[in-house]
Amino acid sequence: MSTCFQKCDIRPFVVEGQQVGLIKSDVLKHLEKYPEVFCIRDCEQTKQGLVELNPAFRDYNERTEQLEKVLRNLRSEGLFPALQGWRDEYFEVKSERRALLKMERAATPLFGVRKYGVDINGYVRHPTHGICIWLQQRSNTKETWPGKWDNMVGGGLSVGFGIKETAIKEAAEEASIPYDLVKNLVSAGCVSFYFESRQGLFPNTEYVFDLELPLDFVPQNSDGEVQAFELLPAKECVERVFTPDFKTTSAPVVIDFLIRHGHITADDVVDFTQIVELLHVPLQSLYTYRARLEQAKKHQQNLPGDARNCRCGSLQKKEY
């Protein structure tokens, strides 16, 4: 990951003085057409270029509205494969706990915005096969990862929904799991990872739940996004998850489950420690613009006045 960041021209995406994303050069060249929305400049203090949403936009709604106009223009021009999967579903763009704007889900990879999702590992304790795990096969008509195998239930954390609320909603929609079963959800922490594809950048955090199900329960899809379910013994699930037929960004959730339940161990896998670490990538380390700027300012205070020039200007609100 760090090698890619050194070689590629990836700039911080800054809103209200806080870094909320990462923008590659192939996206940057199209954002340059919208100088009233994006301020693109170099900063001598941090030794890095940056892309800042116009600080003159006053609040959450105005920032959202102005960015939305650009995204819809880019979509109409057919410039990015990611925007072909437009869903009219919105994710919050946050600085720590504060929501700064909302963004169409399909556009988030273009801006390297951290995404949050919820996943449920559905499993049973079989009398002869031991722990068996339910997997779903995504519909062939889905815009993303069509036909790939996936964990039993998963969904993005959209604007207006909480984590547990999303888990319950997705359980009903994707697998028809009734409330008398889904109330037994057990929180299992989260996994985080960084993934890059032709769609863009995916710094993802997934909130994970385990759900033990009765032997006689068979999931049924109700929203048209799943074409099949299959119950696999843990050993077969290990084999399935490492094939090209499995959705790459869901593999960490299943691998985490298999590790926690003792089906992938340090005795089995040479790279066990590395795998565990890659399930918990410290994504905050990708968003360090503010900290670097503050550190640079402290350093500049100790330099002569003519050495304090910074081409990035003030982060306070201004008109363009």
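**A friendly walk through this predicted model**

1. Let's start at E16, which sits in the loop between strand 1 (10-15) and strand 2. Helices (H or I, at least four residues) and strands (E, at least two) are DSSP runs, numbered from the N terminus. E16 has a positive phi of about 55 degrees, although it is not a glycine. For background, most residues other than glycine have a negative phi. With a relative accessible area of 26%, E16 is partly exposed; buried means under 20%, exposed over 50%, and partly exposed in between (1.4 Å probe, protein chains only).

2. A word on how to read the values. This is a predicted model, in which local features need pLDDT of at least 70 and side-chain atom pairs count only at pLDDT 80 or more, while totals for chains, interfaces and linings use all residues. Residues are numbered from 1 along each chain as its sequence is written, and side-chain values use heavy atoms, with hydrogens and water left out.

3. Now the whole chain. The protein chain has 10 helices and 13 strands, and 49% of its 320 residues count as buried. Among contacts (heavy atoms within 4.5 Å) between residues at least 6 apart in sequence, 66% join residues at least 24 apart. The accessible surface comes to about 15900 Å², with 48% of it belonging to carbon and sulfur atoms; such areas come from the Shrake-Rupley method with a 1.4 Å probe, and for residues only the protein chains shown count as cover.

4. The largest pocket holds about 970 Å³ of space. It has 44 lining residues, and R87, R105, R138, T144 and K247 are the closest to its centre. The elements that give two or more residues to this lining are strand 7 (115-126), strand 8 (130-138), strand 9 (149-151), strand 10 (153-156), helix 5 (163-175), strand 11 (186-197) and strand 12 (200-212). A pocket is an open set of points on a 1 Å grid over the protein atoms alone, where a 1.4 Å probe fits and protein lies on both sides within 12 Å along at least five of seven lines; lining residues have an atom within 4 Å of a point. The volume is the space filled by probe spheres set on the points, which are joined across faces, edges and corners.

5. What classes of residue make up the lining of the largest pocket? There are 11 nonpolar, 15 polar and 18 charged residues. Here Ala, Val, Leu, Ile, Met, Phe, Trp, Tyr, Cys and Pro count as nonpolar, Asp, Glu, Lys and Arg as charged, and the others, Gly among them, as polar. Because domain 1 (8-109) and domain 2 (115-278) both give residues to this lining, the largest pocket lies between them. The domain bounds come from an automatic or database domain assignment.

6. The second largest pocket holds about 670 Å³. Of its 25 lining residues, K94, S95, E96, R97 and Y116 are the closest to its centre. Strand 2 (18-24), strand 5 (90-95), strand 7 and helix 10 (289-300) are the elements that give two or more residues to it, and strand 5 has the largest share, with five. By class, this lining has 12 nonpolar, six polar and seven charged residues. The second largest pocket also lies between domain 1 and domain 2, because both give residues to its lining.

7. Back to loops. W145, in the loop between strand 8 and strand 9, has a positive phi of about 50 degrees and is not a glycine. W145 is partly exposed, with a relative accessible area of 26%.

8. E225 is in the loop between strand 12 and strand 13 (226-233) and is partly exposed at 30% relative accessibility. Where do E225 and R138 stand in space? They are 87 residues apart in sequence, and their C-alpha atoms are 6.1 Å apart. Leaving aside neighbours within four places in sequence, E225 is in contact with Q136, R138, S139, K142 and E174.

9. Do look at helix 8 (residues 251-260), where nine of the 10 residues are buried. D256 belongs to this helix and is buried at 7% relative accessibility. Not counting residues up to four places away in sequence, D256 touches A188, V191, L279 and H280. Just after helix 8, G262 takes a positive phi of about 80 degrees.

10. Beyond its neighbours within four places in sequence, I168 is in contact with Y179 and V182.
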